[in-house]
Every structure is written in C-alpha cells, then in structure tokens.
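Please consult the sequence and the model shown here while reading.

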Amino acid sequence: MRRRCAPHVLPAPASGCSGIKLSATRSCDSWFFFFFPPPFEVESQEQSGGGGGGPTARVVSAGGCSLFSSTLSRSFVARRDFSLQPFPFAMAGAIIENMSTKKLVIVGVILLLFQAFAFMVGGLIAPSPTTAVHYLATKCVDTVKQRQETKWFMPWGPNQCDKIRTFDEAMAKKIEANNIVFAVHIPLPNKEMSSWFQFMLVILQFDIAFRMHNQIKDGALVTIDVSLAYRDDTISKWTEMAHSFEQRKLSCNFTTTKTSENEGRHYECDLLPFMEVGSVAHKYYLLNIRLPINERKNINVGIGEIKDIRLVSIHQNGGFTKVWFAMKTFLTPSILIIMIWYWRRITLMSRPPVLLEKVILALGISMTFINIPVEWFSIGFNWTWMLLFGDIRQGIFYSMLLSFWIIFCGEHLMGTRLFAAWSLERGQVKMCESGLPTITELVTELGSHLTNNLQDQTERNRLSVYWKQVGPIVFGSFCLFIFDMCERGVQLKNPFYSIWASEVGTELAMAFIIVAGICACLYFLFLCFMVFQVFRNISGKRTSLPAMSKARRLHYEGLIFRFKFLMLVTLTCAAMTVIFFIISQVNGGHWHWGEHTVQVNSAFFTGIYGMWNLYVFAIMFLYAPSHKRYGDEQSSGQCITGDAGANSGEDNQLTTTITHVDGPTEIYKMIGKEAQE
Amino acid sequence: PWSRSKMLDGHLLLGWLSFTVLVHLLNLPGPTAAYFGLTGNEPLSILPLNSLPEENIGRAHYKLCDRLKLEKKQRRMCRRDPGVAETLREAITMSALECQYQFRFERWNCTLEGRHRANILKRGFKETAFLYAISSAGLTHAMAKACSAGRMERCTCDEAPDLENRKAWQWGGCGDNLKYANKFVKDFLGKRSNKDLRARVDMHNTNVGTKVIKAGVETTCKCHGVSGSCTVQTCWRQLLPFHEIGKQLKQRYETSIKVGSSTNEATGEGEISTGRSQQQQPLPLPGLNDQIPRTMDLLHIEDSPSFCRPSKYSSGTAARKCYKDKNCDAICCGRGHNTQSREVTRPCQCQVRWCCYVECKQCTQREEVYTCKG
C-alpha cells in the first residue's frame with residue numbers, strides 16, 4: 001500500500017459561496033471539494049471563494065519526526081450529504097449515511113424477508129438440484145458381421161440386442177471382446193430426457209474382479225471405443241451424435257491381500273469422468289461402449305477381469321431449473337432497475353464518477369450478466385455451450401466481487417489516511433513513518449495548485465493503483481478460464497473429452513488450478529492486510545475523534561460507519577455462504593420438517609444466489625449518492641455553523657446544510673440541536 | 001457354463017458346489033415361514049439362467065412366475081412386470097452361489113438340496129437365520145441392480161399413473177434404486193404379524209438381510225461446479241458388491257444371538273430372551289413379550305446340529321473334499337481323511353484378456369485330493 005503522506009490541499013473553487021455561512025443554494029452543489037489540512041504544520045490562508053489562493057505551509061520542526069501544530073484558518077463549508085467529502089475520490093455522501101436508523105432497519109428487514117423467501121423457494125418448492133441415475137451396462141453381442149453399417153445396440157425394449165449375462169457365458173460361446181458391446185440407454189424405461197435438465201454428465205465405473213492370474217497392471221490404461229446416439233421418439237432411427245476413442249487411467253486398489261482366497265472380490269476403483277454434454281435437447285440417448293483388444297498395440301491388456309460397467313448420469317432436475325429460471329427472471333429486472341437508478345444518480349452529479357462508484361456499477365453489471373436468464377433459450381435451442389457460458393459468467397462475477405472488496409477497502413484506506421492528516425489539526429501527532437517525502441517535497445506539493453491535486457486524485461482514482469491486488473484476481477480467473485476452456489470448451493466438440501484422462505492434461509490442469517489457488521491466497525492476504533490497515537487507522541483515529549470539529553467527526557464517523565457496515569454485511573454474507581455450504585454438504589440432501597421435506601441443497605443454491613443479489617442490490621442502493629441535494633431549494637434546510645476547532649479558532653467554521661426530508665440520524669440531530677443553541 | 005468358468009478362477013470347490021444348485025430339487029411342503037428364494041418352497045431347478053429364452057413378449061414371464069411357486073401376493077407382484085420374474089430368478093442364483101461360497105469351508109456347505117433345506121428352514125438354527133438373511137439381501141441387491149440395468153418397467157418413480165410418473169421424473173427425478181428395492185422387498189416378503197416366535201425370528205433375520213445391504217451403502221460424490229469445483233456436487237448411493245454382503249452376513253452368522261422362549265401358559269405367547277453364544281442358556285425375560293431385540297445381529301432359537309453325519313439336515317461330511325492343514329480336521333469331525341493322489345491335467349500359465357479369451361498351457365500335475373472318511 002502506498003505510504004505517502006502527501007498533503008491534499010484542495011482549495012475551494014470559486015463558487016460564490018462565502019464559505020462561512022452557507023445557505024443552501026444550487027450554486028453550491030458543485031462545491032464539494034473543501035479544504036483539508038495537511039499532515040504537517042501548515043498555515044493556509046484560504047480566501048473564501050478563492051480558488052487561486054494557494055495554501056502556504058510553514059514547517060516548524062524537521063527531522064525524522066515532525067511535530068506539527070496546525071494553525072489553520074480555513075473556511076470549511078460542508079454540505080452534509082455531499083460536500084462533506086474531503087476528497088472526490090472518496091465516495092460522496094451516500095444514502096446509507098443519510099438514512100435514518102428507522103429507515104435503515106426497514107430496508108434491512110425487507111432485504112431479510114427477501115432472503116428468507118429465497119431460501120424458502122429453494123427449500124420448499126424446488127426439488128433437489130440434481131439427480132444421479134445409475135445404469136448398469138447391458139452386454140450385447142455383436143453377432144453377425146454387420147460392421148459396415150453402424151448398428152446400434154439397445155439394452156432393452158423392442159429390437160433389443162442379443163444379451164449375455166456374464167463373461168463366462170461369452171467364453172463358452174467363444175465371443176471375442178471386440179464383439180461385446182456395452183449398451184446403456186439414457187434414461188431408464190418409460191422415462192424421457194428433457195431440455196429442462198440443462199446438462200448431463202456421465203461417470204464411468206468398472207467392476208473389476210480380482211484374479212490371481214489376471215491382475216490389473218500398474219498404470220493400466222483402458223481404451224474405450226464409445227459412441228453416442230440420440231433420437232426423439234421411440235421408433236425412429238438413432239442418429240449418431242459423437243464417436244470417440246478414449247483412454248482412461250484405471251486407478252484401482254485391492255483392499256485385501258492378493259491371495260487366491262480373495263479371488264472374485266472386486267477392486268475399488270476411482271470414478272472415471274466419462275461424458276459431459278451441455279444441453280439435453282433430445283429425449284433418448286444411447287451409449288454403445290466397446291473395449292477393443294489389440295495385443296500388438298497393447299490396447300486393453302492387463303486391465304483385469306471386467307465384470308460390469310456401471311454408469312452414473314447426473315442431470316439438473318427440471319423442477320429446479322424452473323425455479324432457478326423464475327428466480328433469475330425476477331432478479332434481472334430488480335438489479336437492472338436499481339443499477340440504472342444508481343447510475344443516473346452518479347451522472348446527475350456534476351463531478352465525474354469516481355473509481356469506487358464505477359466499480360459498484362461494474363459489480364451491478366456483472367450481477368445482471370449472471371442474472372439474465374439466457375438459459376431460457378436452451379429450452380428451445382440446442383446450445384451446448386451454455387454450460388461453459390455459465391461458468392464464464394460466474395467467473396466474471398466472482399472476480400468483480402473480489403475486486404470490489406479490494407477497491408472498497410483501498411478507497412476507504414485512503415479516506416482514513418487523510419483522516420490521519422485530519423487529526424494533525426489537533427497538533428501532537430507524530431508522523432514518523434518511513435517513506436515520508438522530504439519536507440521540501442511536501443512543501444512543494446502543498447504549494448501546488450488545484451491542478452496538481454486533481455492530478456493526484458485522478459491518479460488515485462485509477463484502477464492501476466490496485467494492480468497489485470486486482471492482478472492476482474485477473475490472473476487467477478484467467479487461469480481458471482483457460483482450464484475451463486480446455487475442459488468444457490473441448491467438450492463442445494467431443495463430449496467424452498476429459499483433461500484428466502491424459503498425463504499432460506492432468507499436469508496442465510493441476511498447474512492452472514494451483515496457480516489460481518496461489519492467486520486466491522495472494523488476494524486474501526492483500527485483502528486481509530488492507531482490512532487490517534483500515535481498522536488500524538480507524539481505531540487509531542477514533543481516539544482523536546471527540547476532539548474534532550463536529551462536521552469532521554460526522555464525516556469520519558460516516559466514513560467509518562460506511563466501511564464497518566460493508567464489512568459487517570460482507571462478512572455475514574460470506575459466513576452464511578460458508579455455513580450453508582457446509583450444512584448442505586453435511587446434511588446430504590434434505591430435512592424432514594413435519595410434513596414438509598426441506599431440500600437443503602436447493603435452499604442453499606437459491607438462498608445464496610438470492611443473498612448475493614440482495615448484497616449487490618443493497619450496495620447499489622445504500623452507497624448511491626444521496627438524493628437529498630436535489631431537493632435543497634424546497635426543503636427546509638437549516639444551516640449549522642459549527643466551530644471547527646478550538647485551537648484554530650478564527651473563521652474555522654463549518655457550515656452544514658441539513659436538507660433531509662427523511663429526518664436526520666442521531667448524529668445530525670445532535671448537531672442540529674447544538675446549532676440551534 | 002458354471003463349471004467351465006470356474007476352471008479359471010481356481011475355485012474348483014465352488015465349481016463343484018455350484019453343481020448342487022443345478023440338482024433338481026423336491027418340492028417342499030409349505031412350512032409356516034417359507035418366503036422366497038432359499039427360504040421359499042420353490043425348487044431351485046430354474047437356476048440355469050440362460051436356459052430360458054429372453055423373450056419377454058406377451059406373457060412369457062407368467063410361466064416363470066408360476067414356476068417360482070410364489071404366494072398369491074407375490075405372484076401378482078411378479079406378473080406385474082416381466083422384469084420382476086427375471087430378477088427374482090437372478091436373486092435366487094445370487095444368494096445361492098454366495099451362500100455356497102461363504103460356507104465352502106464349513107461342515108454345512110449350504111447344501112440346498114430340497115429336503116435338507118426344508119428341514120433346516122423348519123427349525124431355528126443359525127443356518128436358518130443365514131438363509132433368511134442372504135435371501136432377502138440377494139433380492140434387494142438384485143432388484144436394485146435390475147433397476148439400473150433397465151430391466152424393470154417400473155422402478156423408481158413407481159406407484160404413480162404414467163403421466164404423473166413422467167411429471168415426477170421431469171420435476172425432481174426419482175428416488176434411488178435402493179429405496180425402491182427395499183420397498184419392493186418389504187412388500188414382497190410381506191410384513192406378517194405373527195405371534196409365533198420362530199416366525200418373528202425369521203422375519204427379523206430377513207430384515208437383517210436388507211439392513212446389511214442398507215448399512216453397506218457407500219455414498220459417492222462428484223463435484224461439478226464452476227470449473228469442476230465442489231460448489232455443486234451430486235452424491236449417490238452405491239451398493240457394495242454382493243460378495244461383501246455375503247461376507248458380512250457370514251460374520252453375523254458366526255456371532256448370531258440365541259433367543260429363547262418360555263411359553264406362557266395363559267396367553268400362549270412366547271417370551272424372548274437373548275443370550276450370546278451357544279453355551280449360554282437363554283434366560284426367560286418376562287415383560288419382553290413381543291420384542292425381538294432390535295439389533296442387526298442374526299437370531300437363532302436352537303443350537304445347530306453338527307452336520308457331521310447324514311441327517312435330515314444334511315448329508316453329512318463323508319466324502320467331502322477338504323484342504324489339508326486347513327479344514328480337514330474340522331470338516332471331517334475327527335474321523336480323519338483319505339488321501340488320494342492323482343494326475344490332473346489343467347490349464348496353467350494362462351494369459352487372460354479382459355474378456356472371453358484365455359490362452360493356457362496344459363500342465364499335468366500330481367495332486368493330492370483329501371476327502372473325509374465316512
């Protein structure tokens with residue numbers, strides 16, 4: 001983090017405001033820069049309305065540590081909702097600060113209700129998210145040599161194949177391995193697949209019996225000749241969808257001793273990824289699997305005595321898809337509307353939007369991007385890339401969310417760094433950190449003009465400041481993207497492809513995942529460090545808070561409140577996510593709650609999805625610039641002239657215009673009272 | 001086909017044992033608690049599975065259902081679906097073979113020859129308990145397997161009219177096979193409320209069979225979230241191989257609990273008490289009138305006969321093949337064994353492919369064959 005203690009002197013631009021006592025006029029709206037005392041002794045004469053009057057600094061003490069006492073004469077006009085901000089890059093007065101506690105509670109309760117609703121929709125209406133169906137491959141015999149035309153073997157139903165039950169039977173009939181076809185029809189009899197199932201992935205399991213003289217060799221590879229076909233009614237011909245030769249590594253272990261006593265017992269084999277299709281556009285699927293033998297090429301030699309092939313297909317439940325789509329369809333306009341509303345507010349301000357505001361907008365956009373229910377198209381169209389597209393959308397949102405946290409912390413860190421400067425106003429604060437610019441530099445900087453400062457601000461306002469923190473996010477998500485493209489991207493062409501099947505692929509995939517993991521660790525280190533810094537600053541400055549002028553205190557209390565609020569909400573959301581994730585993992589599906597069955601997994605998905613939507617919604621709503629400044633003229637604005645500091649005395653005044661329609665928060669009420677006194 | 005296949009796995013004994021399955025057995029007189037499979041009163045002659053053509057067209061399976069000698073309700077369930085008949089048959093084979101495999105080194109070698117089996121079933125031995133348990137376990141296992149092989153017309157998502165069935169599947173998938181199998185077995189074997197102790201013990205042992213299957217279920221999960229992460233994962237339940245089930249049941253057979261009854265004159269009800277191991281005399285426990293201990297243990301009422309000499313329960317161990325230094329002493333009941341030396345030509349140094357092709361040399365060996373003296 002930058003450890004710069006540069007002064008941030010922002011002379012008030014000419015605005016026609018006297019600065020001492022400010023009546024709420026429209027012309028002051030743009031006057032949101034207000035003068036800020038630098039962290040060293042500075043005497044700054046600020047002519048009211050004098051943008052040209054640069055501050056002059058007088059350095060009293062030098063050395064490693066500088067003791068400053070500020071004798072400032074400043075004019076300090078603070079519009080409480082907006083111009084309270086000392087710096088443009090810090091957020092303008094947000095709604096959250098201006099909202100009365102009561103309203104905040106109401107908003108919170110409404111959000112919580114929606115949250116509960118999201119959980120209930122998943123838990124009570126939706127079925128479990130996915131279904132796993134077992135299939136036991138039927139062993140068909142390719143009797144006649146009709147290889148010229150591709151023949152499809154049906155495990156059951158009309159035109160079913162010639163079956164054998166065991167391979168002992170095949171042995172007796174002298175059937176060759178190449179003539180044995182494992183047939184699996186998806187789904188089971190009397191059922192049909194539907195495009196509501198969204199995706200289908202199939203896992204392969206071999207039942208391999210242990211035989212003393214036919215053991216699985218180390219690192220045995222099984223070569224599978226597999227073809228996939230589909231049809232949409234029970235009578236028409238099968239249409240080939242994919243055909244491939246695949247290799248899978250058998251990783252099996254035999255738990256008991258390898259003696260002849262234990263012959264016939266099964267190996268324990270790992271699951272093998274087999275197939276993944278990104279859309280289920282057809283009603284019936286047929287898999288024909290062969291395990292050809294070629295001794296010369298050492299294909300399928302030493303793979304043990306395969307007894308059976310079992311498949312497990314996993315697809316999303318139609319009911320869950322419907323609930324999910326409904327949720328997305330409902331959430332999209334909600335987020336979209338609040339986003340437009342938010343951005344309108346930003347653009348209505350006379351200053352350009354600051355980084356944090358842009359990031360919040362980007363967060364909203366990525367949320368909308370994830371929300372837009374383009375999946376509806378998958379019902380009508382056979383879009384196999386939907387799975388990949390969903391991954392990409394999620395990836396974008398996650399990286400956006402992570403970036404948002406970093407930038408939010410960063411911006412508040414700077415805000416509080418300035419805050420450190422603020423407290424110097426009271427004098428007696430040591431600034432002896434290393435990396436301080438030399439006094440002369442400071443002076444020069446102090447002496448610099450608005451343009452300089454603006455330059456500084458724009459510098460801070462740039463994303464590039466955060467390259468260290470955002471870099472890992474971008475790089476990590478890029479790695480995952482590449483990995484995803486390698487796996488799911490290739491699967492668009494060949495549904496049987498698996499990156500884990502080959503040695504190189506496994507290493508590559510692992511490399512990507514490890515890099516992404518390192519990036520994640522780096523990111524969290526940065527984030528924790530930043531949060532720690534912000535808190536350190538906050539707690540450090542809290543002590544000097546009471547001695548501060550009220551307006552400044554308000555401003556910083558607002559800043560702290562804003563930060564702490566987000567921290568709290570974020571931590572709650574993250575904790576909820578983790579807790580519900582664990583619950584849904586541990587609980588294994590569903591709870592019985594009276595007569596109702598609560599689908600914990602579905603509740604987790606809808607609830608967490610709803611939660612992050614509400615989170616983004618709340619951020620956009622609460623952190624939008626307050627609208628109060630637009631209603632200035634009409635509102636019964638009152639001017640509070642506060643004494644800004646006992647030491648600096650003089651005309652160090654604060655004028656706060658309270659133009660709230662909503663009713664002030666406690667702090668402002670207090671000020672109002674005092675002002676009246 | 002069986003004997004030929006066993007040439008490979010070296011289990012000559014098992015191959016030999018399996019012949020007994022093929023023996024045409026007598027019809028059993030219907031004992032009170034003869035349910036199905038090894039405990040049923042059907043002849044086990046239908047076992048060679050490929051003897052029947054696979055045609056399920058029309059009512060071919062009715063014939064099979066009739067041959068299985070089922071009760072009225074069972075026959076109805078059998079006829080409902082052509083797959084059921086086939087599955088029942090497979091269940092019998094599975095449990096019979098497993099029983100023989102597990103008892104291959106015991107005095108009672110799970111001989112399933114009709115008369116002996118029927119007599120054992122009439123009593124409350126440990127062996128009876130095992131037969132009941134392996135029977136129901138076999139049926140559950142076979143049923144779940146048949147479901148996943150698509151052999152059954154209705155499986156999970158059962159009990160609903162076709163349209164609703166389809167809707168249920170489209171909305172939320174169906175329950176897993178094991179659930180269905182358990183339900184089927186429960187229905188099929190019936191829940192008889194019987195006051196007779198033996199019937200209740202039999203019922204208990206039947207339930208132990210299904211419970212062992214249930215307890216042996218392994219949950220396997222697959223992660224398929226973003227980039228294959230575990231944010232989304234699907235779990236399913238997987239049955240243990242039937243060999244494992246057989247092994248566990250054999251262990252339960254060995255630690256079977258004896259329950260005894262003291263007849264209450266007034267009510268005629270049996271009171272049940274438990275006691276571990278055979279030597280311990282069962283103690284009559286008043287107040288436990290209707291309770292069978294809720295355990296996963298197998299229960300028996302009487303001590304088993306020795307099975308050494310030919311009796312109504314077995315043909316004895318005379319001329320049984322045994323393994324020297326291993327089980328000859330035990331099997332032959334101390335009568336000693338005959339040693340026969342003979343030349344055997346058998347395939348050796350086999351090269352086996354995963355299926356159906358074995359390349360062997362023919363080796364001639366001298367082999368000692370031990371059989372129990374009569």
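## A salt bridge between the chains

In this predicted model, the side chains of A:Arg265 and B:Glu244 meet in a salt bridge, with an N to O distance of 2.6 Å. The interface of chain B and chain A contains three salt bridges by the rule applied. Twelve residue pairs, both members at pLDDT 80 or more, are in polar contact across the interface of chain B and chain A.

## The side of chain B that touches chain A

Several elements of chain B give two or more residues each to the side that touches chain A. The helices concerned are H1 (2–9), H5 (82–102), H7 (126–149), H8 (162–172) and H11 (242–254) of chain B. The strands are S1 (218–223), S2 (233–238) and S7 (337–352) of chain B. S2(B) gives the most, with six residues.

By class, this side of chain B comprises 25 nonpolar, 20 polar and 17 charged residues.

## Extent of the contact between the chains

The contact involves 62 residues from chain B and 76 residues from chain A. Between them, chain B and chain A bury about 5700 Å², and 56% of this area lies on carbon and sulfur atoms.

## Two domains within chain A

The domain assignment divides chain A into domain 1 (95–128 + 320–415 + 466–623) and domain 2 (131–316). The C-alpha centres of domain 1 and domain 2 of chain A are 41 Å apart.

In the contact between these domains, 22 residues of domain 1 of chain A meet 22 residues of domain 2 of chain A. The two domains of chain A bury about 2000 Å² between them, of which 59% is on carbon and sulfur atoms.

## Polar links and composition at the domain interface

One salt bridge is found across the interface of domain 1 and domain 2 of chain A. A:Glu276 forms a salt bridge with A:Arg488, and the closest N and O atoms of this pair are 2.9 Å apart. The rule also finds ten residue pairs in polar contact across the interface of domain 1 and domain 2 of chain A, both residues being at pLDDT 80 or more.

On the side of domain 1 of chain A that touches domain 2 of chain A, at least two residues each come from helix H4 (318–348), helix H6 (376–380), helix H7 (386–423) and helix H10 (467–493) of chain A. H4(A) provides the largest share, four residues. This side of domain 1 of chain A has eleven nonpolar, seven polar and four charged residues.

Note on methods. Residues numbered from 1 in each chain as written. Chains lettered and ligands numbered in written order. Predicted model: local features only at pLDDT ≥ 70, side-chain atom pairs only at ≥ 80, totals over all residues. Heavy atoms only, no water. Contact = heavy atoms within 4.5 Å. Buried area = accessible area lost by both parts, 1.4 Å probe. Salt bridge = Lys/Arg side-chain N within 4 Å of Asp/Glu carboxyl O. Polar contact = N/O pair within 3.5 Å; in protein donor to acceptor, adjacent residues only side chain to side chain. Nonpolar A, V, L, I, M, F, W, Y, C, P; charged D, E, K, R; others polar. Domains from an automatic or database assignment.
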